[in-house]
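Please find below my notes on the model under review. They are set out as numbered points.

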Amino acid sequence: MIGYDTIYAHQDREDDALIGIKSTALLFGVRTKPMLILFYALAVGLIALAGLAAGAGLAFAIGLLAFAAHLAWQIKRLDIADSANCLGVFKSNRDAGLILFAALALDAWLKH
């Protein structure tokens with residue numbers, strides 16, 4: 001997902017600029033948080049549509065809300081000027097994936 005890749009890219013954006021590598025961290029710069037809001041909202045919306053199309057139930061919906069809350073927490077916590085913070089927020093995407101997987105698994109288990 002472009003959102004977590006952008007968070008990761010902020011760790012070494014100065015090096016990217018020095019050697020001429022184009023990154024979303026350099027492209028978005030101080031607009032990173034609004035762009036993350038856009039990308040994360042699109043991702044949550046598309047995942048919701050996929051769940052709806054697949055007949056997902058309440059467990060999925062609750063899990064998707066928890067997933068969205070985790071992504072919102074990431075954006076709030078993110079400090080693009082702090083490399084260690086960017087790494088910590090980037091690593092928290094493991095938890096985001098786990099939340100979404102658990103929601104999908106629980107919803108499937110409850111249907112059977």
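Is Arg94 buried or exposed?

1. Arg94 is exposed, with a relative accessible area of 62%; the classes are buried under 20%, exposed over 50% and partly exposed in between, with a 1.4 Å probe and protein chains only. This is a predicted model, in which local features need pLDDT of at least 70 and side-chain atom pairs count only at pLDDT 80 or more, while totals for chains, interfaces and linings use all residues. Residues are numbered from 1 along each chain as its sequence is written, and side-chain values use heavy atoms, with hydrogens and water left out.

2. Arg94 pairs with Asp95 in a salt bridge, where the closest N and O atoms are 2.8 Å apart. The term requires a side-chain nitrogen of Lys or Arg within 4 Å of a carboxyl oxygen of Asp or Glu. Asp95 is partly exposed, at 28% relative accessibility.

3. Helix 5 (residues 58-77) and helix 7 (residues 93-111) have axes that come within 8 Å and cross at roughly 175°. The two helices are therefore roughly antiparallel to each other, a label for angles over 145 degrees. Axes are lines fitted to C-alpha atoms over the stretch in contact, and angles run from 0 to 180 degrees between N-to-C directions. Helices are DSSP runs (H or I) of at least four residues, numbered from the N terminus.

4. The contact between helix 5 and helix 7 (heavy atoms within 4.5 Å) includes Phe60, Leu64, Phe67 and Leu71 of helix 5 and Ile99, Leu100, Leu104 and Asp95 of helix 7. By class, its residues comprise 14 nonpolar, four polar and two charged. Here Ala, Val, Leu, Ile, Met, Phe, Trp, Tyr, Cys and Pro count as nonpolar, Asp, Glu, Lys and Arg as charged, and the others, Gly among them, as polar.

5. Helix 1 (residues 2-9) packs against helix 6 (residues 83-91) at an angle of about 155°, the axes being 8 Å apart. Helix 1 and helix 6 are therefore roughly antiparallel to each other. Tyr4, Ile7 and Tyr8 of helix 1 meet Cys86, Val89 and Phe90 of helix 6. The contact of helix 1 with helix 6 has six nonpolar residues, no polar and no charged ones.

6. Met35 belongs to helix 4 (residues 32-53). With a relative accessible area of 22%, Met35 is partly exposed. Met35 and Lys91 are 56 residues apart along the chain, and their C-alpha atoms are separated by 19 Å.

Key:
Angles under 35 degrees count as roughly parallel, over 145 as roughly antiparallel, 65 to 115 as roughly perpendicular and the rest as oblique.
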